[in-house]
Amino acid sequence: MNPSAMNMTDGWTLGVILGLALVTLVTRCFFFLSSQPWQLPHWAQRGLQYAPIAALSAVVLPEVVMTQGQLITTWLDARVFATVAGAAYFFARKGQGQAVLGTIVTGMAVYLPLHIGLGW
Amino acid sequence: MARWLAWWRHPEFQLGLREMAAVSPGLAAWGLMTGVAMVKSGMSPLEAVAMSLMVFAGSSQLAAIPLIAAGAPVWVIWATAFCVNLRFVVFSAHMRPYLMHLPLRWRLFNGYLTADLSYVMFTKRFHHPATDAVGQRNQLAYLGGGSFFNWSSWQIASMLGIGLAHSIPTNWGLGFAGILALLGVGCSLASTHLRRVSAGVAAMAAVAAFALPFKLNIVVAIAAAVALCLMLEHLPPTRQPPRVKGPA
């Protein structure tokens, strides 16, 4: 896409998008594409129970403590306070009821004033 | 039609819907900002709508958007998306025993719709694959409910973002609600000591390995956390003082 064609539909981009859809399909279905009988070794199956929480925290922490690929060097960052407040809400409620929703709402209630108001 | 209605009315489908609804503000904010990002990068509304509906993967979309805008080689864009999506390959290994009783087309249907949060909520509710038909139906209904809500709220928010791209301020950081949704679900998974270890190790590894290209730091972090937890499983749960041998 060249700058003069900004916001115009072109075949190249649609082709790329089609390929990306295929990438989503193949990666999400990778290990059950084949119908061959086959089993993961027992240790791997046990190990996978640690994968969901690992994936989540691996996505979350860099988004909280890094900017432009660098660790932040200041505490005056709205994301840090929002994350601490959100997690504190969750554990104060012991995860009961709508604790996840409360985590989002509490976090944003801390984040937005600090970020928009104070520019943190 | 009646078949779909029966799935819709299934109590597990309804539960899946409700549990996913609790994280929907985060999903919606994230979808909204992804919609905005697509249009602001110079994509046409038609391209942005096609991308949202077909690709349906926030992180790989966000990785591909600047590459498309820059006119990068096609294979670079696809390889980047594949690497960003590698965590789904790990998830698919986990999901395999739950889905193998289905014919291929329904495995593809369910797999394609199983994004991060549907996978996490599903494996949180069902620790083992069902062994009978009723159990399999229950599991599939729960997965379907969660995926359906996840898909719809993401798509609606994305369309809004595409339509309102030029009136939604990007510097407010609304997309951070998506991170908070992942944080909340992560907290709800931290139910055992080793899972908390897994979270801590993965978080630090992801930061330490951040310089890797294609978001490979996520996959490295998962591998490190799983490997360490498997090793720790073999340690005795509590250290006991050495037994003193001597005359009774």
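This is a predicted model: local features need pLDDT of at least 70, side-chain atom pairs count only at pLDDT 80 or more; totals for chains, interfaces and linings use all residues.
I will start with confidence. The model scores ipTM 0.88 and pTM 0.85. Chain A averages a pLDDT of 89, and 94% of its residues score at least 70. One stretch to treat separately is residues 1–5 of chain A, where the pLDDT is below 50. In the model, that stretch has eight contacts beyond near neighbours in sequence. For chain B the average pLDDT is 90, with 95% of the residues at 70 or above.

Now chain A. It has five helices and two strands. The C-alpha trace spans about 55 × 50 × 30 Å along its principal axes. How does its radius of gyration compare with that of a compact globule of 120 residues? The globule would be near 14 Å, but chain A has 21 Å. Of the 120 residues in chain A, 38% are buried. If we take contacts in chain A between residues at least 6 apart in sequence, 41% of them join residues at least 24 apart.

Next, chain B. Here there are 13 helices and zero strands. The C-alpha atoms fill a box of roughly 85 × 50 × 35 Å, again along the principal axes. There are 248 residues in chain B, and buried residues make up 49% of them. Of the contacts in chain B with a separation of 6 or more, 74% are between residues 24 or more positions apart.

Chain B also has a domain assignment, with domain 1 covering 2–172 and domain 2 covering 190–234. The centres of the two domains, taken over C-alpha atoms, are 23 Å apart. Seven residues from domain 1 of chain B and six residues from domain 2 of chain B take part in the contact between them. On the domain 1 side, helix 6 (74–84) and helix 7 of chain B each supply at least two residues. That side of domain 1 consists of five nonpolar residues, one polar and one charged.

Let me turn to how the chains meet.

The largest nonpolar core has 105 residues. The members that touch the most other members are A:Ala54, A:Ala58, B:Ala202, B:Ala221, B:Ile222 and B:Ala225. Both domains of chain B give residues to this core, so it lies between them. As an example of the packing, take A:Ala58. Leaving out residues up to four places away in sequence, A:Ala58 touches B:Ala202, B:Ala203, B:Ala205, B:Ala206, B:Ile218, B:Ala221 and B:Ile222.

The buried residues are B:Asp116, B:Leu117, B:Ser118, B:Tyr119, B:Val120, B:Met121 and B:Phe122. What do they pack against? From chain A there is helix 3 (51–65). From chain B there are helix 2 (11–21), helix 7 (86–99), helix 8 (104–113), helix 10 (133–163) and helix 11 (176–189).

B:Leu102 lies in the loop between helix 7 and helix 8 of chain B. B:Leu102 has 16 C-beta neighbours inside 10 Å, so it counts as partly exposed. B:Leu102 and B:Gln136 are 34 residues apart in sequence, and their C-alpha atoms are 9.7 Å apart in space.

Methods
Residues are numbered from 1 along each chain as its sequence is written. Chains are lettered from A and ligands numbered from 1 in the order in which they are written. Helices (H or I, at least four residues) and strands (E, at least two) are DSSP runs, numbered from the N terminus. A residue is buried if 20 or more other C-beta atoms lie within 10 Å of its own, exposed if 12 or fewer, and partly exposed in between; C-beta atoms are placed from the backbone. Two residues are in contact if their C-beta atoms, placed from the backbone, lie within 7 Å. Domain bounds come from an automatic or database domain assignment. Ala, Val, Leu, Ile, Met, Phe, Trp, Tyr, Cys and Pro count as nonpolar, Asp, Glu, Lys and Arg as charged, and the others, Gly among them, as polar. The radius of gyration is taken over C-alpha atoms; the globule rule is 2.2 Å times the number of residues to the power 0.38. pLDDT is the predictor's confidence in each residue, from 0 to 100. A nonpolar core is a set of buried Ala, Val, Leu, Ile, Met, Phe, Trp, Tyr and Cys residues joined through C-beta atoms within 7 Å.
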